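Biologist: I am new to this structure and would like a close look at a single part of it. Please take me through that part with care, and then through whatever connects to the topic.

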Amino acid sequence: MKMRFAWPWQLRKAGIMGINERNADFIMRFNPRRLYPLVDDKLKTKQLAIDAGIAVPELYAVLESEHEIQEIMPLLDKHSEFVMKPAQGSGGNGILVVGGRLGKQFTKASGEPITVDQIRHHASNVLSGMYSLGGHPDKALLEYRVRFDPFFEHITYKGVPDIRVIVFRGIPVAAMVRLPTRESDGKANLHQGAIGAGIDLATGHTTFCVHHNQEVTLHPDTGQPMSGIQIPHWDQILRLAVGCADTVGLGYLGVDLVMDQYLGPLMLELNARPGLNVQLANKRGLLKSLRRWSELEEIPKCPEERIRMAQSAIH
Amino acid sequence: MSAKKKSSPVRMWAMILLITGLGIAFYKSEFLGIPTTPEAQAEVWTIQARISFKGTGGPAKLSFSVPYKTPGFLKLDEDFISSRFGLTTETERDNQVANWAVRRARGDQLLYYRLSVARSEYPIEWSIKPRFPEVPQYEEPYGQAIRAILDDVRQASADVESYTRELLAQLNTQQPNENVELIRKRATNQEEWVREIINVLKGVKIPAREIWGMTVQDARNNVQLTPLLQVHNGKRWITYHPTSGAQGIPDDYLVWSVGQNPLVQLEGGTDLKVEFSIVKSYQELIEVARKGTYQLDSMFARISLLALPVEDQNVFRLLLMVPLGAVLMVFLRTVVGISTFGTFMPILIAIAFRETQLVLGLVMFTVIVSIGLMIRFYLERLMLLLVPRLASILIIVVLLMLVISFITNGMGAERFLSIALFPMVILAMTIERMSIVWEENGAGTAMKEGFGSLVVACMGYLVMTNEYLMYIMFVFPEMLLVLLGISLMMGRYTGYRLTELVRFKDMAKYK
């Protein structure tokens, strides 16, 4: 008989961390509130990353007023492919990916046509704070549209797969890659039906995959197996993630990266309250690692050493 | 950033709040007699003293002893009914006297004193501390008899209490010896008998006095005041029945006055008559408690919400339920894990449901939000800026409410008018939030969150309209401290949410 639910002690034994515990024991303890603006505002994050030499998608422009939105045409003439996102958006909301242009008509990543007016309206919505936390007025960022590595082509349906690494006190504790599906409309959002594939920190191989909290082996749209795939540039990815954690100073951090065909791993955004799906994708609870590292008095300064610690702790 | 986990004082604060809140409530219910259920009824006795006399034509003055300290009973109401008489009351130690006076009194005069009392456990102490009496010069052979009895009693007793008990036993024995006979002959009624015992007790310097009162058991007329004996043991007064020797004030004995003062005194009149009658009735316990607490010397009784004007009371009746809804909200979100639109939106909807009733409210809410959503999807195509769009939705919501009211009013359904009480801003925000979630995360998520909000609103409604909870919150507002303690504790709840038990169900298999 299939279990409909798990008992709390079973989850406890499996080391699963719940939302409440994450909030009370890790976010509140290790993430000082004054650092939140650095990750909640993507413009600040980007600036910080550029200063620290961390690779990010190039920023084309920042739209801050209705006037700038009206004068958007020269920008669009210059860049026919771009991503428009709110500086203070959350959960991937309000992101518009424009993937091409045919005369006056633009197309979204999904292939749907979009007019310049619609692009302006989207920018205006972003500025008015529709996607920002608490509805504050916001800025719209126009940036380089990542050309995703063809490596992921056979296990992705449109959209850009992204890689999330959870870094705790500068030590990676878990990672997964989020693969868009037809259902998720090309978005790498697990709640909308994207697939989460756990990654072995030591080797960079994908392990298990979950779709809507259920284990799957084949991509629902491409029919390809998704386990056991070696993520390219894995060491570089881990170094990038650890570098982000060191730069921003948050103790419990989710680093979102993409693999660009030409530029390699790029940091997309940082998250001070990363979700818990990474546990499902890895079939492994986070608590064991988190507890182990939270008991350490001293964390090594050298990033390579921390990565080695993380990798040896897994096996 | 420290790696060491600091021990949080939350638990301590929560405990302090819980204990304080529950402690005050316990004190109020146990010692002030405030009932913990709204239906509880109390027996109330109304005692009426009818005082009549014939005026002689000149000035008349009448003093009447009225109950002041009434152990075992709480005075609820006191009325002095006297048409032409001027009234003053004076309090002396443990007694209170009503003085009626009139310039000219001719013919039949009638005065009433009316008192209602209810039982109470609240302890009442008498203030009089007596001096030790002088040993009187008893006349012989009476003195000899007293001394003989006192000697007998002394051998069989240890302290004032046992001494008095033993003395009463000997004086009231079935087979009296000649000494007892001698003393008994001197008293012809209970009043004289009490005074005789007091006199005997003076022989061993035990301070004693009489108290007067009546048995309030059933409704009856022609009630007589009867005396009881009290002796002072150095700390407090102990009461005895003068013939049976039973210790303590009987449960149904209402103390009217203390000491030998006459019940009533009249100057300038004749044919003085006092008649007592008792009526029993039932009142709501809370009403009894409300009246009674005015007279109690308790801070907690004074700061009762029941002392406020009725309109303010009604405001607080609602206000005090909101924290309860908020705590329910916290529970459903942190412990159960239901997701809703906005943090407190469901609670505001629940408050609106209070006015519209549940089913009607649910229907109205669903209708307005559905139509609003459809219009909102059209507005999306017009590409309006956010704030004007919100204002437009708000106006559409009000329009919808108006239309629904008109239609239903035409059908003669009055209650639909209460839809105007729906928080329209909340409705507009709900529509906006729902449409964004709809677009961003799909119809499924939007429906799920919308449904979750409605479920929470329904539960909030059921909790916030619960008669019993309303009563408890209103009469024991210190429950707010308890609610605060509970939310502090839930603020440090780090266990799994119920929804997580389902979400991570597959993980139970792994280690």
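Modeller: In this predicted model, B:Ala352 has its place in helix H10 of chain B, the helix that covers residues 345–356. With a relative accessible area of 4%, B:Ala352 is buried, and although B:Pro423 is 71 residues apart from B:Ala352 in sequence, the two are 6.9 Å apart in space, C-alpha to C-alpha.

Turning to the strands of chain B, strand E1 (residues 41–56) pairs in the antiparallel sense with strand E13 (residues 269–284) over 14 bridges, and in that pairing B:Lys54 has B:Thr270 as its bridge partner. E1 of chain B also pairs in the antiparallel sense with strand E6 (residues 106–119), over 13 bridges, where B:Val117 is the bridge partner of B:Trp45.

Aromatic rings come next: the count is 18 aromatic pairs over all chains. One of them joins A:Phe26 and A:Phe168 edge-to-face, at 5.6 Å centre to centre and with 80° between the planes; because A:Phe26 lies in helix H2 of chain A and A:Phe168 in strand E7 of chain A, this pair ties together parts that are 142 residues apart in sequence. Both A:Phe26 and A:Phe168 are buried.

In chain B, the ring centres of B:Trp45 and B:Phe73 are 6.1 Å apart and their planes stand at 80°, so this pair is edge-to-face. It links distant parts of the chain, with B:Trp45 in strand E1 and B:Phe73 in strand E3, 28 residues apart, and both B:Trp45 and B:Phe73 are buried.

Terms used: Residues numbered from 1 in each chain as written. Chains lettered and ligands numbered in written order. Predicted model: local features only at pLDDT ≥ 70, side-chain atom pairs only at ≥ 80, totals over all residues. Heavy atoms only, no water. Helix = DSSP H or I, 4+ residues; strand = E, 2+ residues; numbered from the N terminus. Buried < 20%, exposed > 50% of the residue type's maximum accessible area, 1.4 Å probe, protein only. Pairing = 2+ DSSP bridges. Phe/Tyr/Trp six-rings, centres within 6.5 Å; stacked < 30°, edge-to-face > 60°.
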